[in-house]
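Please look over the structure shown below before reading on. The paragraphs that follow lead through it step by step.

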Amino acid sequence: MLESIQVTEKLHWPEQELSRKSVLPHNENQSNVSKNGLHQLSPSILKNIFTTGSSSYNVLLQTKKEKRHHQQKQTSTGHHKKHRKTGKSSSLSRSKEHRKSNAPLPILNTWCCCSGRPSEIFISSSLSSSANFTHSFSVMGNSMGLSPRPKCKASRLCFSSLHKTKLPHLMKSRNSEEEGSSRKPCILTCIKPCNVEKEKMKFFKSEFTYCPQFEYVNPAQPSVLAKYSHASDKLLTQAVRIMERTLEKYGSYEKFEVINGGRLLPKSRIWNQVRKYMEKEGCLGEIVIHLTDDLLSRASMMVVNGRPTLTINITTAREHWLEGMLRHEIGTHYFRGINNSQQPWCNWNGRKKYGLKSANPTEEGLASIHSVLFRKDPLLWRAALLYYTVYQASRMSFSELFQDVGKFVKDPNTRWDYCVRAKRGQTDTSLPGCFSKDQVYLDGIFKILRHRQSIDFQHLTALGKISFEDVNRLKEFAVLQTVRIPHFLQDRSMYMEQLEKIMEVNELTDAKLDTLLSC
(Lines give C-alpha, C1' and ligand atoms only; values in the text may rest on other atoms or scores of the structure.)
Protein backbone atom coordinates (compact mmCIF):
# COMPACT_ATOMS: atom_id res chain seq x y z
CA MET A 1 0.00 0.00 0.00
CA LEU A 2 1.15 3.49 -0.67
CA GLU A 3 -0.36 5.40 2.21
CA SER A 4 1.94 6.27 5.08
CA ILE A 5 0.99 6.14 8.70
CA GLN A 6 1.67 8.65 11.42
CA VAL A 7 2.82 6.91 14.58
CA THR A 8 3.18 8.64 17.90
CA GLU A 9 4.69 5.90 20.04
CA LYS A 10 8.33 6.35 20.89
CA LEU A 11 10.82 3.67 19.99
CA HIS A 12 12.67 2.13 22.91
CA TRP A 13 16.34 1.49 22.31
CA PRO A 14 18.70 -0.78 24.25
CA GLU A 15 21.24 0.90 26.46
CA GLN A 16 24.07 -1.28 25.24
CA GLU A 17 26.10 -0.85 22.09
CA LEU A 18 24.66 -2.92 19.20
CA SER A 19 26.68 -2.09 16.09
CA ARG A 20 29.25 -4.86 16.39
CA LYS A 21 27.00 -7.84 17.05
CA SER A 22 25.00 -10.18 14.88
CA VAL A 23 22.28 -12.70 15.52
CA LEU A 24 24.42 -15.22 13.66
CA PRO A 25 26.90 -17.45 15.46
CA HIS A 26 30.48 -16.23 15.10
CA ASN A 27 31.57 -18.68 12.40
CA GLU A 28 28.33 -18.33 10.41
CA ASN A 29 28.55 -14.58 10.60
CA GLN A 30 31.98 -14.50 9.04
CA SER A 31 31.27 -16.98 6.29
CA ASN A 32 27.84 -15.82 5.12
CA VAL A 33 27.68 -12.08 5.61
CA SER A 34 29.81 -9.65 3.62
CA LYS A 35 31.21 -6.39 4.91
CA ASN A 36 29.38 -3.98 2.66
CA GLY A 37 28.35 -0.90 4.56
CA LEU A 38 25.02 0.84 4.23
CA HIS A 39 24.76 4.02 2.16
CA GLN A 40 22.90 7.23 2.93
CA LEU A 41 19.35 7.62 1.70
CA SER A 42 18.17 10.79 0.00
CA PRO A 43 16.46 13.20 2.42
CA SER A 44 13.61 13.63 -0.08
CA ILE A 45 12.41 10.05 0.27
CA LEU A 46 8.68 9.43 -0.08
CA LYS A 47 6.86 9.08 3.20
CA ASN A 48 4.49 6.48 1.79
CA ILE A 49 6.92 3.84 0.55
CA PHE A 50 5.62 1.02 2.73
CA THR A 51 2.27 -0.54 3.44
CA THR A 52 0.60 0.16 6.76
CA GLY A 53 -0.23 -1.82 9.85
CA SER A 54 -0.44 -1.54 13.60
CA SER A 55 2.10 0.46 15.62
CA SER A 56 5.15 -1.13 17.15
CA TYR A 57 8.02 -0.52 19.52
CA ASN A 58 11.69 -1.37 19.32
CA VAL A 59 12.14 -4.17 21.84
CA LEU A 60 14.95 -6.69 22.21
CA LEU A 61 14.73 -9.91 24.18
CA GLN A 62 17.25 -10.83 26.85
CA THR A 63 18.08 -14.39 27.87
CA LYS A 64 17.92 -15.44 31.50
CA LYS A 65 21.51 -16.57 31.31
CA GLU A 66 22.67 -13.08 30.32
CA LYS A 67 20.65 -11.48 33.10
CA ARG A 68 22.29 -13.76 35.68
CA HIS A 69 25.70 -12.94 34.22
CA HIS A 70 24.94 -9.21 34.49
CA GLN A 71 23.87 -9.56 38.15
CA GLN A 72 27.01 -11.56 38.99
CA LYS A 73 29.13 -8.90 37.35
CA GLN A 74 27.47 -6.15 39.45
CA THR A 75 28.04 -8.18 42.66
CA SER A 76 31.66 -8.72 41.69
CA THR A 77 32.11 -5.00 41.00
CA GLY A 78 30.73 -4.08 44.42
CA HIS A 79 33.08 -6.54 46.10
CA HIS A 80 36.12 -5.07 44.34
CA LYS A 81 35.16 -1.55 45.39
CA LYS A 82 35.27 -2.56 49.08
CA HIS A 83 38.80 -3.89 48.68
CA ARG A 84 40.09 -1.32 46.19
CA LYS A 85 42.96 -0.14 48.40
CA THR A 86 44.38 -3.59 49.15
CA GLY A 87 43.96 -5.27 45.79
CA LYS A 88 43.69 -2.49 43.23
CA SER A 89 46.38 -3.68 40.82
CA SER A 90 45.41 -7.35 40.85
CA SER A 91 41.70 -6.50 40.52
CA LEU A 92 42.39 -4.28 37.53
CA SER A 93 44.40 -7.05 35.88
CA ARG A 94 41.62 -9.59 36.41
CA SER A 95 39.07 -7.12 35.06
CA LYS A 96 41.04 -6.64 31.85
CA GLU A 97 41.38 -10.39 31.40
CA HIS A 98 37.63 -10.82 31.88
CA ARG A 99 36.84 -8.21 29.21
CA LYS A 100 39.20 -9.84 26.74
CA SER A 101 37.58 -13.23 27.19
CA ASN A 102 34.03 -11.91 26.88
CA ALA A 103 33.61 -12.90 23.20
CA PRO A 104 30.39 -12.46 21.19
CA LEU A 105 27.86 -15.20 21.91
CA PRO A 106 25.16 -16.63 19.67
CA ILE A 107 21.90 -15.16 20.91
CA LEU A 108 19.22 -17.31 19.33
CA ASN A 109 19.66 -20.34 21.58
CA THR A 110 17.30 -19.21 24.33
CA TRP A 111 14.24 -16.97 24.14
CA CYS A 112 12.56 -14.97 26.86
CA CYS A 113 9.22 -13.29 26.21
CA CYS A 114 7.72 -10.13 27.65
CA SER A 115 4.57 -11.13 29.51
CA GLY A 116 1.47 -9.10 28.78
CA ARG A 117 3.05 -7.22 25.86
CA PRO A 118 3.35 -7.75 22.12
CA SER A 119 6.56 -9.57 21.26
CA GLU A 120 9.16 -7.71 19.25
CA ILE A 121 12.79 -8.12 18.29
CA PHE A 122 15.57 -6.57 16.28
CA ILE A 123 17.00 -9.00 13.75
CA SER A 124 20.28 -7.17 13.79
CA SER A 125 23.65 -7.08 12.10
CA SER A 126 25.96 -4.28 11.07
CA LEU A 127 26.82 -6.20 7.91
CA SER A 128 24.91 -6.57 4.65
CA SER A 129 25.44 -9.37 2.19
CA SER A 130 26.17 -8.58 -1.43
CA ALA A 131 24.30 -10.54 -4.09
CA ASN A 132 25.72 -11.45 -7.47
CA PHE A 133 23.61 -9.76 -10.13
CA THR A 134 23.56 -9.63 -13.88
CA HIS A 135 23.40 -6.73 -16.34
CA SER A 136 24.15 -3.22 -15.08
CA PHE A 137 22.90 -3.53 -11.51
CA SER A 138 25.16 -3.18 -8.51
CA VAL A 139 23.42 -4.69 -5.48
CA MET A 140 24.46 -3.54 -2.04
CA GLY A 141 23.15 -2.39 1.31
CA ASN A 142 21.96 1.05 2.27
CA SER A 143 22.84 3.15 5.30
CA MET A 144 20.49 5.70 6.77
CA GLY A 145 20.81 8.37 9.39
CA LEU A 146 19.72 7.75 12.95
CA SER A 147 17.88 9.94 15.40
CA PRO A 148 19.02 10.06 19.05
CA ARG A 149 18.18 6.86 20.92
CA PRO A 150 16.19 7.12 24.15
CA LYS A 151 17.07 4.69 26.92
CA CYS A 152 15.25 1.41 27.13
CA LYS A 153 12.58 1.23 29.84
CA ALA A 154 13.22 -1.11 32.74
CA SER A 155 10.15 -3.17 31.87
CA ARG A 156 11.61 -4.05 28.46
CA LEU A 157 13.88 -7.02 28.06
CA CYS A 158 17.04 -6.60 25.98
CA PHE A 159 19.99 -8.65 24.83
CA SER A 160 22.55 -7.35 27.30
CA SER A 161 25.56 -8.41 25.24
CA LEU A 162 24.57 -6.55 22.06
CA HIS A 163 25.93 -3.32 20.65
CA LYS A 164 23.98 -0.53 18.97
CA THR A 165 22.45 -1.49 15.63
CA LYS A 166 22.43 0.94 12.74
CA LEU A 167 18.85 0.67 11.55
CA PRO A 168 17.61 2.44 8.44
CA HIS A 169 16.18 5.86 9.18
CA LEU A 170 13.94 7.23 6.45
CA MET A 171 14.59 10.94 6.71
CA LYS A 172 11.89 13.56 6.37
CA SER A 173 11.86 15.89 3.41
CA ARG A 174 12.81 19.51 3.96
CA ASN A 175 9.99 20.58 1.72
CA SER A 176 7.54 22.51 3.89
CA GLU A 177 4.52 21.27 1.96
CA GLU A 178 5.56 17.66 2.44
CA GLU A 179 6.18 18.24 6.14
CA GLY A 180 2.72 19.67 6.48
CA SER A 181 1.12 16.74 4.72
CA SER A 182 3.03 14.26 6.91
CA ARG A 183 1.04 15.44 9.91
CA LYS A 184 -2.22 14.27 8.34
CA PRO A 185 -3.23 10.78 9.44
CA CYS A 186 -3.38 8.36 6.52
CA ILE A 187 -6.59 6.82 5.29
CA LEU A 188 -5.83 3.36 6.72
CA THR A 189 -5.37 4.86 10.18
CA CYS A 190 -8.58 6.86 9.92
CA ILE A 191 -10.72 3.86 8.93
CA LYS A 192 -9.45 1.52 11.66
CA PRO A 193 -12.28 1.12 14.22
CA CYS A 194 -11.26 1.69 17.83
CA ASN A 195 -14.02 -0.51 19.29
CA VAL A 196 -13.54 -3.69 17.25
CA GLU A 197 -13.35 -6.11 20.19
CA LYS A 198 -16.38 -4.61 21.92
CA GLU A 199 -18.49 -4.85 18.76
CA LYS A 200 -17.21 -8.35 18.03
CA MET A 201 -18.50 -9.55 21.40
CA LYS A 202 -21.94 -8.05 20.69
CA PHE A 203 -21.98 -9.58 17.21
CA PHE A 204 -21.10 -13.08 18.41
CA LYS A 205 -23.49 -12.87 21.36
CA SER A 206 -26.33 -12.00 18.98
CA GLU A 207 -25.58 -15.15 16.98
CA PHE A 208 -24.35 -13.07 14.04
CA THR A 209 -27.49 -10.94 13.58
CA TYR A 210 -26.26 -7.65 15.10
CA CYS A 211 -24.65 -5.08 12.78
CA PRO A 212 -21.60 -3.47 14.44
CA GLN A 213 -21.57 0.27 15.09
CA PHE A 214 -17.94 1.21 14.58
CA GLU A 215 -16.24 4.22 16.16
CA TYR A 216 -13.09 6.00 14.99
CA VAL A 217 -10.52 8.18 16.72
CA ASN A 218 -9.87 10.31 13.62
CA PRO A 219 -12.72 9.59 11.20
CA ALA A 220 -11.90 9.95 7.52
CA GLN A 221 -13.53 12.78 5.61
CA PRO A 222 -16.65 11.77 3.60
CA SER A 223 -14.95 12.91 0.39
CA VAL A 224 -12.03 10.56 1.08
CA LEU A 225 -14.30 7.61 1.88
CA ALA A 226 -16.28 8.30 -1.29
CA LYS A 227 -13.11 7.68 -3.33
CA TYR A 228 -12.99 4.09 -2.05
CA SER A 229 -16.73 3.38 -1.97
CA HIS A 230 -17.16 1.98 -5.48
CA ALA A 231 -16.68 -1.77 -5.90
CA SER A 232 -16.11 -3.45 -9.25
CA ASP A 233 -17.58 -6.73 -10.44
CA LYS A 234 -15.26 -7.02 -13.47
CA LEU A 235 -13.28 -9.93 -12.02
CA LEU A 236 -16.03 -11.31 -9.78
CA THR A 237 -16.80 -14.41 -11.85
CA GLN A 238 -13.14 -15.45 -11.95
CA ALA A 239 -12.70 -14.73 -8.23
CA VAL A 240 -15.62 -17.04 -7.43
CA ARG A 241 -14.22 -19.70 -9.75
CA ILE A 242 -10.85 -19.67 -7.96
CA MET A 243 -12.55 -20.19 -4.59
CA GLU A 244 -14.86 -22.90 -5.94
CA ARG A 245 -11.89 -24.74 -7.42
CA THR A 246 -10.18 -24.66 -4.02
CA LEU A 247 -13.25 -26.07 -2.28
CA GLU A 248 -13.68 -28.77 -4.93
CA LYS A 249 -10.11 -29.90 -4.40
CA TYR A 250 -9.84 -29.65 -0.61
CA GLY A 251 -13.40 -29.66 0.71
CA SER A 252 -12.97 -26.48 2.75
CA TYR A 253 -10.60 -23.56 2.98
CA GLU A 254 -9.60 -24.66 6.48
CA LYS A 255 -8.33 -28.00 5.10
CA PHE A 256 -6.54 -26.22 2.25
CA GLU A 257 -4.84 -23.95 4.79
CA VAL A 258 -3.61 -26.81 6.97
CA ILE A 259 -2.52 -29.10 4.11
CA ASN A 260 -0.64 -26.42 2.17
CA GLY A 261 0.28 -23.88 4.82
CA GLY A 262 1.37 -26.36 7.46
CA ARG A 263 1.11 -25.84 11.19
CA LEU A 264 1.11 -22.49 12.95
CA LEU A 265 4.58 -21.50 14.14
CA PRO A 266 5.61 -20.55 17.68
CA LYS A 267 7.26 -17.16 18.10
CA SER A 268 10.78 -18.59 18.29
CA ARG A 269 10.33 -20.33 14.93
CA ILE A 270 8.91 -17.17 13.37
CA TRP A 271 11.91 -15.14 14.50
CA ASN A 272 14.30 -17.82 13.26
CA GLN A 273 12.71 -17.94 9.80
CA VAL A 274 12.65 -14.15 9.56
CA ARG A 275 16.33 -14.00 10.50
CA LYS A 276 17.24 -16.59 7.85
CA TYR A 277 15.26 -14.79 5.17
CA MET A 278 16.79 -11.40 6.01
CA GLU A 279 20.23 -12.98 5.92
CA LYS A 280 19.44 -14.40 2.48
CA GLU A 281 18.39 -10.95 1.24
CA GLY A 282 21.34 -9.17 2.89
CA CYS A 283 19.19 -6.91 5.07
CA LEU A 284 19.96 -8.10 8.60
CA GLY A 285 19.69 -5.22 11.05
CA GLU A 286 17.62 -2.99 8.79
CA ILE A 287 14.07 -3.84 9.87
CA VAL A 288 12.33 -3.87 13.25
CA ILE A 289 10.23 -7.01 13.71
CA HIS A 290 6.97 -6.86 15.65
CA LEU A 291 4.84 -9.92 16.43
CA THR A 292 1.17 -9.41 17.28
CA ASP A 293 -2.20 -11.15 17.24
CA ASP A 294 -4.05 -7.86 16.65
CA LEU A 295 -3.87 -7.36 12.89
CA LEU A 296 -6.51 -7.77 10.18
CA SER A 297 -3.89 -8.63 7.57
CA ARG A 298 -1.23 -11.32 7.77
CA ALA A 299 1.57 -8.80 7.96
CA SER A 300 2.40 -5.19 7.13
CA MET A 301 5.50 -3.20 6.27
CA MET A 302 5.42 0.37 7.50
CA VAL A 303 7.63 3.19 8.72
CA VAL A 304 7.58 3.90 12.47
CA ASN A 305 9.49 7.04 13.46
CA GLY A 306 11.65 6.77 10.37
CA ARG A 307 12.44 3.06 10.71
CA PRO A 308 11.13 0.19 8.57
CA THR A 309 8.93 -1.99 10.78
CA LEU A 310 7.49 -5.36 9.81
CA THR A 311 4.44 -6.39 11.84
CA ILE A 312 3.58 -10.09 11.63
CA ASN A 313 0.25 -11.62 12.66
CA ILE A 314 1.20 -14.72 14.66
CA THR A 315 -2.31 -16.21 14.25
CA THR A 316 -1.69 -16.71 10.51
CA ALA A 317 2.06 -17.47 10.46
CA ARG A 318 2.23 -20.98 8.97
CA GLU A 319 5.46 -22.88 8.35
CA HIS A 320 5.13 -23.21 4.55
CA TRP A 321 3.62 -19.77 3.94
CA LEU A 322 5.77 -17.54 6.15
CA GLU A 323 8.52 -17.07 3.56
CA GLY A 324 5.89 -16.06 1.01
CA MET A 325 4.77 -13.34 3.38
CA LEU A 326 8.40 -12.19 3.72
CA ARG A 327 8.76 -12.08 -0.06
CA HIS A 328 5.61 -9.94 -0.12
CA GLU A 329 6.63 -7.47 2.60
CA ILE A 330 10.44 -7.38 2.42
CA GLY A 331 11.30 -8.70 -1.04
CA THR A 332 8.67 -6.48 -2.67
CA HIS A 333 7.45 -3.55 -0.56
CA TYR A 334 10.69 -2.90 1.34
CA PHE A 335 13.11 -3.33 -1.56
CA ARG A 336 10.99 -1.30 -3.98
CA GLY A 337 10.72 1.41 -1.34
CA ILE A 338 14.48 1.52 -0.74
CA ASN A 339 15.17 1.55 -4.49
CA ASN A 340 12.59 4.28 -5.02
CA SER A 341 14.42 6.58 -2.60
CA GLN A 342 17.44 6.64 -4.97
CA GLN A 343 15.50 7.57 -8.10
CA PRO A 344 14.82 11.08 -9.47
CA TRP A 345 11.08 10.37 -9.01
CA CYS A 346 11.45 9.71 -5.28
CA ASN A 347 9.07 12.57 -4.37
CA TRP A 348 5.80 13.97 -5.63
CA ASN A 349 7.47 16.60 -7.83
CA GLY A 350 9.66 13.96 -9.44
CA ARG A 351 6.70 11.69 -10.16
CA LYS A 352 4.88 14.62 -11.74
CA LYS A 353 7.94 15.59 -13.81
CA TYR A 354 8.33 12.10 -15.27
CA GLY A 355 4.60 11.55 -15.66
CA LEU A 356 4.45 8.39 -13.56
CA LYS A 357 1.28 6.36 -13.33
CA SER A 358 0.03 5.21 -9.92
CA ALA A 359 2.17 2.48 -8.38
CA ASN A 360 -0.98 0.46 -7.72
CA PRO A 361 -2.29 -1.98 -8.79
CA THR A 362 1.26 -3.04 -9.79
CA GLU A 363 2.64 -2.72 -6.23
CA GLU A 364 0.11 -4.95 -4.50
CA GLY A 365 -0.33 -7.24 -7.49
CA LEU A 366 3.41 -7.97 -7.62
CA ALA A 367 3.59 -8.48 -3.85
CA SER A 368 0.60 -10.86 -3.95
CA ILE A 369 2.23 -12.92 -6.71
CA HIS A 370 5.37 -13.18 -4.59
CA SER A 371 3.26 -14.44 -1.66
CA VAL A 372 2.27 -17.60 -3.56
CA LEU A 373 5.51 -17.96 -5.53
CA PHE A 374 7.07 -21.44 -5.03
CA ARG A 375 3.96 -22.76 -3.26
CA LYS A 376 3.04 -26.38 -3.94
CA ASP A 377 -0.48 -25.28 -4.90
CA PRO A 378 -0.41 -21.50 -5.62
CA LEU A 379 -4.15 -20.87 -5.62
CA LEU A 380 -5.01 -17.16 -5.48
CA TRP A 381 -7.59 -17.76 -2.77
CA ARG A 382 -6.93 -14.75 -0.53
CA ALA A 383 -6.89 -12.17 -3.33
CA ALA A 384 -10.08 -13.71 -4.77
CA LEU A 385 -11.88 -13.68 -1.41
CA LEU A 386 -10.89 -10.07 -0.72
CA TYR A 387 -12.22 -9.04 -4.13
CA TYR A 388 -15.48 -10.94 -3.62
CA THR A 389 -16.03 -9.69 -0.05
CA VAL A 390 -15.60 -6.05 -1.04
CA TYR A 391 -18.12 -6.36 -3.86
CA GLN A 392 -20.70 -8.07 -1.66
CA ALA A 393 -20.16 -5.51 1.12
CA SER A 394 -21.18 -2.75 -1.29
CA ARG A 395 -24.58 -4.44 -1.58
CA MET A 396 -25.13 -5.94 1.89
CA SER A 397 -25.23 -5.17 5.59
CA PHE A 398 -22.53 -6.58 7.87
CA SER A 399 -24.65 -9.49 9.12
CA GLU A 400 -25.78 -10.35 5.58
CA LEU A 401 -22.18 -10.24 4.37
CA PHE A 402 -21.07 -12.50 7.22
CA GLN A 403 -23.66 -15.11 6.28
CA ASP A 404 -22.79 -14.84 2.58
CA VAL A 405 -19.02 -15.30 3.07
CA GLY A 406 -19.90 -18.46 5.01
CA LYS A 407 -20.22 -20.19 1.63
CA PHE A 408 -16.43 -20.10 1.38
CA VAL A 409 -15.13 -19.71 4.95
CA LYS A 410 -16.57 -21.66 7.88
CA ASP A 411 -14.47 -20.31 10.75
CA PRO A 412 -16.43 -17.37 12.28
CA ASN A 413 -13.31 -15.53 13.45
CA THR A 414 -11.79 -15.60 9.97
CA ARG A 415 -15.08 -14.47 8.47
CA TRP A 416 -15.26 -11.61 10.97
CA ASP A 417 -11.82 -10.37 9.91
CA TYR A 418 -12.70 -10.36 6.21
CA CYS A 419 -16.01 -8.57 6.88
CA VAL A 420 -14.36 -5.90 9.05
CA ARG A 421 -11.80 -5.26 6.30
CA ALA A 422 -14.57 -4.76 3.75
CA LYS A 423 -16.75 -2.61 6.05
CA ARG A 424 -14.03 -0.49 7.70
CA GLY A 425 -14.67 3.23 7.42
CA GLN A 426 -18.39 2.78 7.99
CA THR A 427 -20.08 3.72 11.26
CA ASP A 428 -23.44 2.01 10.78
CA THR A 429 -22.68 -1.32 9.12
CA SER A 430 -26.37 -2.19 8.73
CA LEU A 431 -26.17 -0.12 5.54
CA PRO A 432 -24.61 -1.32 2.28
CA GLY A 433 -21.12 0.05 1.76
CA CYS A 434 -17.50 -0.99 1.36
CA PHE A 435 -13.87 0.06 1.47
CA SER A 436 -12.88 -1.00 -2.02
CA LYS A 437 -9.09 -0.84 -1.82
CA ASP A 438 -8.79 -4.60 -1.22
CA GLN A 439 -9.85 -5.27 -4.80
CA VAL A 440 -6.46 -3.99 -5.96
CA TYR A 441 -4.75 -7.31 -5.16
CA LEU A 442 -6.54 -9.51 -7.69
CA ASP A 443 -6.67 -6.70 -10.24
CA GLY A 444 -2.90 -6.21 -9.98
CA ILE A 445 -2.18 -9.95 -10.16
CA PHE A 446 -4.20 -10.39 -13.34
CA LYS A 447 -2.63 -7.37 -15.06
CA ILE A 448 0.91 -8.50 -14.29
CA LEU A 449 0.24 -12.08 -15.37
CA ARG A 450 -1.28 -10.88 -18.63
CA HIS A 451 1.86 -8.86 -19.46
CA ARG A 452 4.37 -11.22 -17.82
CA GLN A 453 6.26 -11.95 -21.07
CA SER A 454 7.00 -8.27 -21.75
CA ILE A 455 7.70 -7.08 -18.19
CA ASP A 456 11.32 -6.67 -17.08
CA PHE A 457 10.78 -7.80 -13.48
CA GLN A 458 14.29 -6.95 -12.29
CA HIS A 459 13.93 -3.35 -13.46
CA LEU A 460 10.38 -3.26 -12.09
CA THR A 461 11.90 -3.78 -8.64
CA ALA A 462 15.06 -1.72 -9.21
CA LEU A 463 13.20 1.40 -10.35
CA GLY A 464 11.14 1.63 -7.18
CA LYS A 465 7.47 2.42 -6.69
CA ILE A 466 6.39 2.50 -10.32
CA SER A 467 3.81 0.83 -12.55
CA PHE A 468 4.96 -1.94 -14.88
CA GLU A 469 3.73 0.28 -17.73
CA ASP A 470 6.43 2.89 -16.95
CA VAL A 471 9.46 0.57 -16.76
CA ASN A 472 10.79 0.78 -20.32
CA ARG A 473 10.65 4.57 -20.67
CA LEU A 474 12.22 5.19 -17.23
CA LYS A 475 15.25 2.91 -17.62
CA GLU A 476 17.45 5.61 -19.15
CA PHE A 477 16.85 7.95 -16.19
CA ALA A 478 17.29 5.35 -13.44
CA VAL A 479 20.05 5.25 -10.81
CA LEU A 480 21.07 1.59 -10.59
CA GLN A 481 24.42 1.63 -8.78
CA THR A 482 23.13 0.46 -5.37
CA VAL A 483 19.70 -1.02 -6.03
CA ARG A 484 18.40 -4.00 -4.05
CA ILE A 485 17.09 -7.03 -5.92
CA PRO A 486 15.54 -9.97 -3.99
CA HIS A 487 17.18 -13.36 -4.45
CA PHE A 488 14.10 -14.96 -6.03
CA LEU A 489 14.21 -12.49 -8.95
CA GLN A 490 17.79 -13.19 -9.97
CA ASP A 491 16.99 -16.36 -11.94
CA ARG A 492 14.54 -15.19 -14.60
CA SER A 493 13.82 -18.62 -16.07
CA MET A 494 12.89 -20.07 -12.68
CA TYR A 495 10.77 -17.01 -11.89
CA MET A 496 8.88 -17.26 -15.18
CA GLU A 497 8.26 -20.97 -14.62
CA GLN A 498 6.56 -20.10 -11.34
CA LEU A 499 4.35 -17.52 -13.05
CA GLU A 500 3.26 -20.14 -15.58
CA LYS A 501 2.44 -22.50 -12.71
CA ILE A 502 0.24 -19.83 -11.09
CA MET A 503 -1.56 -19.39 -14.40
CA GLU A 504 -2.17 -23.12 -14.76
CA VAL A 505 -3.30 -23.81 -11.19
CA ASN A 506 -5.81 -20.94 -11.29
CA GLU A 507 -7.10 -21.91 -14.75
CA LEU A 508 -5.98 -18.68 -16.38
CA THR A 509 -5.01 -18.16 -20.00
CA ASP A 510 -3.87 -15.10 -21.90
CA ALA A 511 -7.12 -15.11 -23.84
CA LYS A 512 -9.19 -15.28 -20.66
CA LEU A 513 -7.18 -12.46 -19.05
CA ASP A 514 -7.60 -10.36 -22.18
CA THR A 515 -11.35 -10.78 -21.95
CA LEU A 516 -11.49 -10.06 -18.21
CA LEU A 517 -9.31 -6.94 -18.34
CA SER A 518 -10.93 -5.45 -21.42
CA CYS A 519 -14.42 -5.37 -19.89
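Which residues of H10 are buried? The model is a predicted one, in which local features need pLDDT of at least 70 and side-chain atom pairs count only at pLDDT 80 or more, while totals for chains, interfaces and linings use all residues. Residues are numbered from 1 along each chain as its sequence is written, and side-chain values use heavy atoms, with hydrogens and water left out.

Two terms are needed for the answer. A residue is called buried at under 20% relative accessible area, exposed at over 50%, and partly exposed in between, with a 1.4 Å probe and protein chains only. Helices (H or I, at least four residues) and strands (E, at least two) are DSSP runs, numbered from the N terminus. In H10, the buried residues are Ile 270, Trp 271, Gln 273, Val 274, Arg 275, Tyr 277, Met 278, Glu 279 and Glu 281. An α-helix has 3.6 residues a turn, so residues three or four places apart point the same way. Helix H10 covers residues 267–281, 15 residues in total, and spans 21 Å from its first C-alpha to its last. This is close to the expected 21 Å at 1.5 Å a residue, where the expected span is 1.5 Å times one less than the number of residues. After H10 comes Gly 282, which has a positive phi near 70°.

The chain as a whole may be considered next. Its secondary structure consists of 21 helices and 4 strands. Of its 519 residues, 54% are buried. A contact means heavy atoms within 4.5 Å; among contacts between residues at least 6 apart in sequence, 81% join residues at least 24 apart. The accessible surface of the chain is about 24,000 Å², and carbon and sulfur atoms account for 51% of it. Such areas come from the Shrake-Rupley method with a 1.4 Å probe, and for residues only the protein chains shown count as cover.

Strand E3 (residues 299–304) is largely enclosed by the rest of the structure, because 6 of its 6 residues are buried. Ala 299, Met 301 and Val 303 point one way from E3, whereas Ser 300, Met 302 and Val 304 point the other way. Two strands pair if DSSP finds at least two bridges between them. E3 pairs with strand E4 (residues 307–313) in the antiparallel sense, over 6 bridges. Within this pairing, Thr 311 in E4 is the bridge partner of Ser 300. The hairpin of E3 and E4 has 2 residues between the strands, and Asn 305 there takes a positive phi near 50°.

Most residues other than glycine have a negative phi, and most peptide bonds are trans. Glu 207 is not a glycine, yet its phi is positive, about 60°; Phe 208, also not a glycine, has a positive phi of about 70°. Glu 207 lies in the loop between helix H6 (196–205) and helix H7 (222–227), and Phe 208 is found in the loop between H6 and H7 as well. Glu 207 is exposed, because its relative accessibility is 65%, while Phe 208 counts as partly exposed at 23%. In the loop between helix H12 (348–353) and helix H13 (362–372) lies Pro 361, and the peptide bond from Asn 360 to Pro 361 is cis, with omega near 15°.

Is Asn 506 buried or exposed? Its relative accessible area is 2%, so Asn 506 is buried. Leaving out residues up to four places away in sequence, Asn 506 touches Gln 238, Ile 242, Pro 378, Leu 379 and Leu 380. A polar contact is a pair of N or O atoms within 3.5 Å; within protein, one must be able to donate a hydrogen and the other to accept it, and residues adjacent in sequence count only if both atoms are side-chain atoms. A polar atom of the Asn 506 side chain lies 2.8 Å from the backbone oxygen of Ile 502.

Lys 501 belongs to helix H20 and is partly exposed, with a relative accessible area of 29%. Lys 501 and Pro 378 are 123 residues apart in sequence, but their C-alpha atoms are 7.7 Å apart in space. A polar atom of the Lys 501 side chain lies 3.3 Å from the backbone oxygen of Lys 376.
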